[in-house]
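Hello,

As promised, here is the structure we talked about.

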Amino acid sequence: MSDASVSSASSPAADWRPMLPQDLPAVLRIAAEVHPAYPEEAAVFAERLTLFAGGCLCLATREGTLGGYVLSHPWQADAPPALDTLLQRLPVPAPAYYLHDMALLPAVRGLVAAGRAMPLLAAQAVAAGCREMALVAVNGSAGFWARQGFEVREVPALAAKLASYDAAACFMVRPL
């Protein structure tokens, strides 16, 4: 991802920028605060950054702190990775672009930063040759994702995996 594409979706209060290895401690703190019910080891975050840096973004505030992050990468269709699992490698070809995690601290949620990340992520997905974007919606976020063009896809084989998140978790897909 070029710096130009990140700054094109900027706002005066916060800008999406590529995640760097030195961001991981702050990213882990944000994850613990925003997603306490879905803990993942630090190795999962580090591996995603190593495997597909272009899909890992941080929301940097004007004050120089991080207000959020996104982890995403090419993946298999209708087969989201299990929570807190190392991938080892990315599939080639990869028909889907998986949004592993998006977390925003409460202080930056009114900045529409999540919606501003979508064109950046869609561009990464298209560049990676993916046909669709996919995610597991948790914490009552399905309405937000629906407004971003995602629709629930019923995949019976995913029932047990989705239940490992929570009872309301749903698999959602957006064509590119």
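Below is what I found, going from the overall fold to single residues.

First, the ground rules. This is a predicted model, so I kept local features only at pLDDT of at least 70 and side-chain atom pairs only at pLDDT 80 or more, while totals for chains, interfaces and linings use all residues. Residues are numbered from 1 along each chain as its sequence is written, and side-chain values use heavy atoms, with hydrogens and water left out.

**The overall fold**

The protein has six helices and seven strands. Both kinds of element are DSSP runs numbered from the N terminus: helices are H or I with at least four residues, and strands are E with at least two. In sequence order the pattern reads α-β-α-α-β-β-β-α-β-α-β-α-β.

A compact globule of 176 residues would have a radius of gyration near 16 Å, and the 15 Å of this protein agrees with that. The radius is taken over C-alpha atoms, and the globule rule is 2.2 Å times the number of residues to the power 0.38. Along the principal axes, the C-alpha trace spans about 45 × 35 × 30 Å.

Of the 176 residues, 51% are buried. Here buried means under 20% relative accessible area, exposed means over 50%, and partly exposed lies in between (1.4 Å probe, protein chains only). Among contacts with a separation of 6 or more, 72% come from residues 24 or more positions apart; a contact means heavy atoms within 4.5 Å.

The protein exposes about 8300 Å², and carbon and sulfur atoms supply 59% of that area. The areas come from the Shrake-Rupley method with a 1.4 Å probe, and for residues only the protein chains shown count as cover.

**The sheet**

The seven strands form an open sheet with mixed pairing, in the order β1-β2-β3-β4-β5-β7-β6. Its edge strands are β1 (14–18) and β6 (151–152), each of which pairs on one side only. I count two strands as paired if DSSP finds at least two bridges between them.

On one side, β4 (residues 96–104) and β5 (residues 132–137) pair in the parallel sense over four bridges, with A96 opposite E132. β5 also pairs with β7, in the antiparallel sense and over six bridges; there V136 stands opposite F171.

In a regular strand the side chains alternate between the two faces of the sheet. In β5 both faces are covered: E132, A134 and V136 are buried on one side, and M133, L135 and A137 on the other.

β7 (residues 170–175) is mostly covered too, with five of its six residues buried. Two bridges join β7 to β6, and this pair runs antiparallel; E151 has V173 as its bridge partner.

**Helix α3**

In α3 (residues 42–51), the buried residues are V44, F45, E47, R48 and L49. Their cover includes α2 (24–34), β2 (56–61), β3 and β4.

**The loop between β3 and β4**

Most residues other than glycine have a negative phi, and most peptide bonds are trans. Which residues in this loop are worth a look, then? D78 sits in the loop and has a positive phi near 55° without being a glycine. D84 is in the loop as well, with a positive phi of about 60°, and is not a glycine either. D78 counts as partly exposed because its relative accessibility is 29%, and D84 counts as partly exposed at 34%.

P93 belongs to the loop between β3 (66–75) and β4. The peptide bond that joins V92 and P93 is cis, with omega about -5°.

P95 is another residue of the loop, and with a relative accessible area of 19% it is buried. Leaving aside residues up to four places away in sequence, P95 touches W75, Q76, A77, C130, R131 and E132. P95 and R131 are 36 residues apart in sequence, yet their C-alpha atoms are 5.4 Å apart in space.

Enjoy looking through the model!

Best wishes
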